[in-house]
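This report describes some strands and a pair of helices. Please look at the sequence and the structure before reading on.

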Amino acid sequence: MTDNHHQTTPSGRPRARAFGISFDGKPGPFNAITDVAGVAVGYSTLISGDGALVVGKGPVRTGVTAILPRPRADLATPVFAGVFSQNGNGELTGSHIIEETGAFNLPITITNTHSCGVSRDGTLRWMQRVLPAALDSGWGLPVAAETYDGFLNDINGHHLRSEHVAAALDGATGGSIEEGSVGGGTGMIAFGFKAGSGTASRIVEWHGRRYTVGAFVQANFGKRRNFTIRGLRAGPDLLEPAIRESTPRAEKGSIIGVVATDAPLLPHQMKRLARRAPLGVAMTGGFGYHSSGDIFLAFSTANHEAALAPSGRIASADFIPDTDIDPFFDAVIESVEEAILNALVANDDMTGRDGNFVPALPKAWLKGKFGASQGK
């Protein structure tokens, strides 16, 4: 397999590596969370209308992202997991049961702040259709998360519906996935540039075994002055192009990060991985300001049998010793950092409600700074 997946998205949008930006660590074949076997990602993207905001009519710049932690037939099987809130000005449903039991099941969805409940409930409706036995004698507590897209989108118009959630879930696939203004990331902004959905992965070699760590972010955070690319303080160089505010833009930024791995790790270790995700955010200049909901979820697809252990029997689970976990911390930090930059690079300018305008990260500037062989 060539590294074309590392350079471009399926639609041909450039990724960060297309501009000569170098990263630490070894990525997986697709450099995506979907490099973790069984994990799939799907989107519903809603873009319509221009001009003045009319609540309930648009303009619409939103969507929903679906992440399946296991293949569809196995979605009722829990995955060991941990959550961490660096700054809690946001929402991630299902977090209480994860804190209590160290596991969750069912798909993950990410959307805009005022549609988080729709995506949660839409997930339950979808599960009832595709895997009804999973809910026959139990309850579902799906993970649904959000970031705010109200500068570009008619967020109070509630345009996301259950059928959009179902379409994202039905369309979830492995392999190379789109990035940028797609799914829940459609209306999102980072460092004053158009951002949204991004992903990356790393391979970890451990005592002759090979594991994958993948990250997916919905990036909607950060101030331009702090923007950093691989140690380069880019913000001072990039005063232009600027956001155009036809209506005042309040500071309402957040990031949701999802980390997946096939490494056998226990719930307390998954929480440790989730705690390292903000370090990847910080590498790009994200400092967890007051209005930012910086919330992170990490899960492992390993220990399938332990997760299904029946009552009345001793359950056994494999795990890598805590003393050997540092390379997995590296992989989380590296993949989160690159996922954020991919969300920014695989993007174009966007004009939304009331003519509010958000520029894309300038490709010509990237090419000049990092010696790209391609890009525009």
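How many bridges join strand β1 to β2? Nine bridges join β1 (residues 40–48) to β2, and the two strands run antiparallel. The model is predicted, so local features need pLDDT of at least 70, side-chain atom pairs count only at pLDDT 80 or more, and totals for chains, interfaces and linings use all residues. Residues are numbered from 1 along each chain as its sequence is written, and side-chain values use heavy atoms, with hydrogens and water left out.

Strands (E, at least two residues) and helices (H or I, at least four) are DSSP runs, numbered from the N terminus. Two strands pair if DSSP finds at least two bridges between them.

| Partner of β2 | Bridges | Direction |
|---|---|---|
| β1 (residues 40–48) | nine | antiparallel |
| β5 (residues 108–112) | three | antiparallel |

Leu46 stands opposite Thr62 in β2, and Thr65 stands opposite Ile110 in β5. Nine of the nine residues of β2 (residues 60–68) are buried, so β2 is largely enclosed by the rest of the structure. Buried means under 20% relative accessible area, with a 1.4 Å probe and protein chains only. One side of β2 includes Val60 and Leu68, and the other includes Arg61 and Ile67.

The axes of helix α6 (residues 267–283) and helix α8 (residues 326–345) come within 7 Å and cross at roughly 45 degrees. Axes are lines fitted to C-alpha atoms, for helices over the stretch in contact, and angles run from 0 to 180 degrees between N-to-C directions. The two helices are therefore oblique to each other; angles under 35 degrees count as roughly parallel, over 145 as roughly antiparallel, 65 to 115 as roughly perpendicular and the rest as oblique.

Note on methods: Buried < 20%, exposed > 50% of the residue type's maximum accessible area, 1.4 Å probe, protein only.
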